[in-house]
Amino acid sequence: MSLKNTQKIKCPDCGTEGEFTIWQSINTKLNPQAKEDLLSGELFAYTCPKCKKVHYVNYGLLYHQMEKQLMIYYAISKEDEKEILDTFDKMENGDMLPGMESTDYTCRVVHSQNQLREKAYIFDIGLDDRVVEIMKVMMVAHLSQTNPDLEVGDIFLEITKGKPERFVIRLKNGVLGNSPFSQKVYDAVKAEYIDSKGDGKRDYIVDMNWAVECLKNK
Ligand SMILES: [Zn+2]
């Protein structure tokens, strides 16, 4: 099941009103176009019908990839996050949500549109997000060793045409850099840190903090 509604939006530039679709949940099987829009970044973009300016709208939603038994929830507040974590816990105890055929799901919670997009991509091409987050932490450690003055803001894995391309690194002073994705490093990290850890389906929040903890506990 997918859930959506239409909201009126007033363009902050010219004041013209238009309609915008807000998704509460996207089932990728029923709404493949919504999935494509999410991956391309279009989902949160509103184009004014009159002045054609693009404005980004922020809202939380559930991304449900039925065929992969995957749920990624984008939480925009602490309350929002608590609610979905409760729901995930209930699922673990056997409660099914609409549209589910089993409770054997991989569940994640993310906190930004970019994280949502990145994770949806990562799972879509069959990578393990835990390995990717560890690779990011290693990259930051390496960067701060070689360039102690650099302050890293964000790192995202860029995926093009179904293949992991490169890590895009945004520094705190706004400058961007990048580093190519290495399948060799991915495989080595997976073998050393992840293969012994089980499937991680219920590690709800997998981000760089998660990766730091994982490396510490090794
Ligand atoms: Zn406008």
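Burial, helix faces and ring pairs

Biologist: Why is Phe44 called buried?

Modeller: Phe44 has 5% relative accessibility, and buried means under 20%, so Phe44 counts as buried. The model is a predicted one.

Biologist: What makes Tyr59 count as buried or exposed?

Modeller: The value for Tyr59 is 7% relative accessibility. The cut-off for buried is under 20%, and Tyr59 therefore counts as buried.

Biologist: Why is the pair of Phe44 and Tyr59 called tilted?

Modeller: The ring centres of Phe44 and Tyr59 are 5.0 Å apart, and rings pair if their centres lie within 6.5 Å. Their planes stand at 55 degrees; stacked needs under 30 degrees and edge-to-face over 60, so this pair is tilted.

Biologist: How do you know which parts the pair ties together?

Modeller: Phe44 is in the loop between helix 1 (32-40) and strand 3 (45-47), and Tyr59 is in the loop between strand 4 (54-56) and strand 5 (61-65), so the pair joins parts 15 residues apart in sequence. Phe44 and Tyr59 also belong to a cluster linked by ring pairs, together with Phe20, Tyr46 and Tyr74. The structure holds 7 aromatic pairs.

Biologist: What makes Phe181 and Tyr186 a tilted pair?

Modeller: Their ring centres are 5.9 Å apart and their planes are at 50 degrees, so the pair is tilted. Both Phe181 and Tyr186 are buried.

Biologist: How do you know where the buried residues of helix 2 lie around the axis?

Modeller: In helix 2, Asp80, Glu81, Ile84, Phe88 and Met91 are buried. They cover an arc of only 95 degrees around the axis, which puts them on the same side of helix 2. These buried residues pack against strand 6 (70-74) and strand 7 (106-110). The face turned away from the buried side carries the exposed residues Lys78, Glu79, Lys82 and Glu83.

Biologist: Which residues have the most contacts inside the largest nonpolar core?

Modeller: Ile134, Leu157 and Phe167 do, in a core of 25 residues. Helix 4 gives the most to this core, with 7 residues. Apart from it lies another core of 24 residues, including Cys11, Tyr46, Leu70 and Phe123.

Conventions. Residues numbered from 1 in each chain as written. Predicted model: local features only at pLDDT ≥ 70, side-chain atom pairs only at ≥ 80, totals over all residues. Heavy atoms only, no water. Core = buried A, V, L, I, M, F, W, Y, C linked by side-chain atoms within 4.5 Å. Buried < 20%, exposed > 50% of the residue type's maximum accessible area, 1.4 Å probe, protein only. Helix = DSSP H or I, 4+ residues; strand = E, 2+ residues; numbered from the N terminus. Arc of directions from axis to C-beta. Contact = heavy atoms within 4.5 Å. Phe/Tyr/Trp six-rings, centres within 6.5 Å; stacked < 30°, edge-to-face > 60°.
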